Amino acid sequence: MGLNQSILTLKGVGAQVAAKLNKLQIYTLKDMIEHYPREYEDRRKITPIKDSIMDEHNNILVVIASKPQIAKKAGKIIVTFRVKDETGSIYVTFYGQAYMKNNFEVGEKYLLYGKIRRKYAKIEMESPEYEKVTDINHIEQVAKITPIYNATSKLSQKVIRGLIEKSLASCMPFITDYMPASIQRDYQLVDKKYAVMNIHFPKNSQAFFEARKRLVFEELFMLQLALYSLKSDFAKKTLGIKYTTPKTFKLFLEKLPFKLTNAQKHVLKEIMEDMESQTAMNRLVQGDVGSGKTVIAALALFNAIQNGYQTALMAPTEVLAIQHYEFLKELMEPFQIKVALLTGSTTKKQKNELIQDVKGQKIQLIVGTHALIEEQVEIPKLGLVITDEQHRFGVRQRLKLSEKGVTPDVIVMTATPIPRTLALILYGDMDISIINELPPGRQPIKTNAVDSAYHTRIYRFIEKEVQAGRQCYIICPMVEDNAANSDLQNVLDYSYSLKTEVFPTLKVEYLHGKMKPKEKNEVMRRFALGETQILVATTVIEVGVNVPNATVMLIENAERFGLAQLHQLRGRVGRGTYQSYCILVSDSKNKITKKRLKIMEESTDGFVIAETDLKLRGPGEFFGTKQHGLPEMKIANLYTDAKVLKEVQKCVKNILAIDPDLSLEENKLVYDEVIARLEMEELHHAL
Ligand code: ADP
Ligand code: MG
């Protein structure tokens, strides 16, 4: 027995249930007990039938008053019976579950939880959750705070709850408390076993708060330590290159197609100061989509190159790498600077040549995807490394590139809105610059959420924009038609029908991740040059691409995307001086979906959007999408647990001051756990 045992060893879990659990990323008993509740319902309060609220969930304590009857309606089996309490009586029905007939005997007491509805002349509770009450004097054993879990359609809350109970029962002895006793005392943390028990089945609200605080603390504590040890080697080598600003710098600035904004100037100044100092720069540049990060990168690269160093710029997608390459080449070549591009689709021959040229220092700037990290790529005089859209890379990938040099300066750029406290944890060793202003002349993007009945109007609008010389993106959630998701728009069918029926006279092309890199590049290039008017794509265009002439972003099945993702997609338009539009199409009737799309209509601020998304969807999904490059948290909410985060930072600082290698006996368990997590991270980002 142990925590890492497969869930198949639990009684009642066979291959079928296991497959469903796997969908929830649950494979072991540990995963099972770390599947923390999404929310709780207080079922301690029991409602008399006469006070129960129609069309809402009610918690009632009843006696079975009639024998369950089976009927068939439209081929479906229905089990119905009557229940009562002192104040009234209602019907209970179960659909498609014939065995329910034998579950309930007249006279038995049950606690039922479910939605009550009026159906024709009857009032009924449909498919309630039920708990048998064997001892009315101990009603608190069933009427309690009840956890609600993320579930799949095929696994009911009752089943998951039962599995959690079983896992807890068999795991309890194996749960180790690796937090040093002194920390538990100083930060008033409850015992681990108590915490695990009460996070699932809290005795009362105080127990819940104590349990949660302990688990949040522990999770953030481990995260902070793991990140610290990943970075510590690097952070120690602070002595770096001392650059001097070249004479040509002013000329380079003047040759830019625009004047820098004040925010850009400010960030540039911070970077230049870092570069001129003797310590190695380690800086995060944060700026919302469209704030103009690329040109800042160009200026820093130019500076390093004119000081005689080689430089590298890494981007998460090929499309973006190519775009950066072309932009930078144009700026650099007049200064006799050689720029090269290395991506996954560079041919072997080209690649070998390129590797030789970089090694021989014939190339001063190498732009590429994570192909840059490969071992064969040696950059002997690497002086500056920039990672764009850093949130798409793992910490380790970022470090790998800078390790190619001795102590190169490092800039990472991201559009992710990270609250300051959080940035301190994730990028604790970095200085942070923020571009908090958009270039002038930008008009706020107009956003509308509509349903698919608007398509005719939308197409007419697109046609008008195209006639005015503009271009349009259309995003579909799927690449091709697929039986499981036939209700979702797909790129291939959509672009075909646009070409043949809707816009036969316009130039329509499509782009998706399954295409060959070369094709992708060609399509993107034609769109960037304005040869194509409408680009139907998947989210491959989500990061970074820049086509200022595009003014319409139409997103189909908008309910399928996270808000942060919609914000990034919307950031593809409104990059020039033209009024731009974002149209979100969704037929979803879901309340939360509607709220989310409404936020998009109301706000264009990445911070506001990210936080709202978090509130509406919960941290699991928000961070799970990897949109934010934040580590996936099981329980901590990186936005709202800021207070605990601060305590953790203090705590970690104290520990490391006394025991920097975690070699003391009392920190041994913590040390082992950190190592185990780092190995996981390594596997995760294995190339
Ligand atoms: P992001 O921060 O999203 O990476 P980019 O660097 O791609 O943004 O810049 C977005 C657009 O704004 C580009 O077309 C770029 O040329 C333009 N741009 C950047 N800085 C300025 C500026 N100071 N004035 C006018 N346009 C600018
Ligand atoms: Mg960018």
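Author: One term before the details: buried means under 20% relative accessible area. Cys 582 is at 0%, so Cys 582 counts as buried. Keep in mind that this is a predicted model.

Reader: OK. And Cys 472, at 1% relative accessibility: buried or exposed?

Author: Buried, because 1% is under the 20% cut-off.

Reader: Switching to the ligand. Which residues come nearest to ligand 1?

Author: There are 17 residues around ligand 1, and the nearest are Lys 259, Gly 290, Thr 294, Arg 442 and Arg 575.

Reader: How does that shell divide into nonpolar, polar and charged?

Author: Five nonpolar, seven polar and five charged.

Reader: What about polar side-chain atoms and the ligand oxygens?

Author: Thr 294 has a polar side-chain atom 2.6 Å from an oxygen atom of ligand 1. For Arg 442, a side-chain N or O atom is 2.6 Å from a ligand oxygen. Asn 546 puts a polar side-chain atom 2.8 Å from an oxygen of ligand 1.

Reader: How much of the accessible area of ligand 1 does the protein cover?

Author: 87% of the 560 Å² that ligand 1 has on its own.

Reader: Where does ligand 1 lie relative to domain 3 and domain 4?

Author: Between them, because both domains give residues to its shell. Domain 3 is 248-277 + 292-414, and domain 4 is 446-603.

Reader: New topic: His 35. Where is it?

Author: His 35 is in the loop between helix H2 (29-33) and strand E1 (39-42). With a relative accessible area of 12%, His 35 is buried.

Reader: What does its side chain reach?

Author: The side chain of His 35 reaches the backbone oxygen of Asn 150, at 2.9 Å.

Reader: Last one, Gly 162. Which helix is it in?

Author: Helix H3, residues 157-171. Gly 162 is partly exposed, at 24% relative accessible area.

Reader: And how many Å separate the C-alpha atoms of Gly 162 and Leu 382?

Author: 57 Å, with the two residues 220 apart along the chain.

Technical notes. Residues are numbered from 1 along each chain as its sequence is written. Chains are lettered from A and ligands numbered from 1 in the order in which they are written. This is a predicted model: local features need pLDDT of at least 70, side-chain atom pairs count only at pLDDT 80 or more; totals for chains, interfaces and linings use all residues. Side-chain values use heavy atoms; hydrogens and water are left out. A residue is near a molecule or strand if one of its heavy atoms lies within 4 Å of it. A polar contact is a pair of N or O atoms within 3.5 Å; within protein, one must be able to donate a hydrogen and the other to accept it, and residues adjacent in sequence count only if both atoms are side-chain atoms. Accessible areas come from the Shrake-Rupley method with a 1.4 Å probe; for residues, only the protein chains shown count as cover. Ala, Val, Leu, Ile, Met, Phe, Trp, Tyr, Cys and Pro count as nonpolar, Asp, Glu, Lys and Arg as charged, and the others, Gly among them, as polar. Domain bounds come from an automatic or database domain assignment. Buried means under 20% relative accessible area, exposed over 50%, partly exposed in between (1.4 Å probe, protein chains only). Helices (H or I, at least four residues) and strands (E, at least two) are DSSP runs, numbered from the N terminus.
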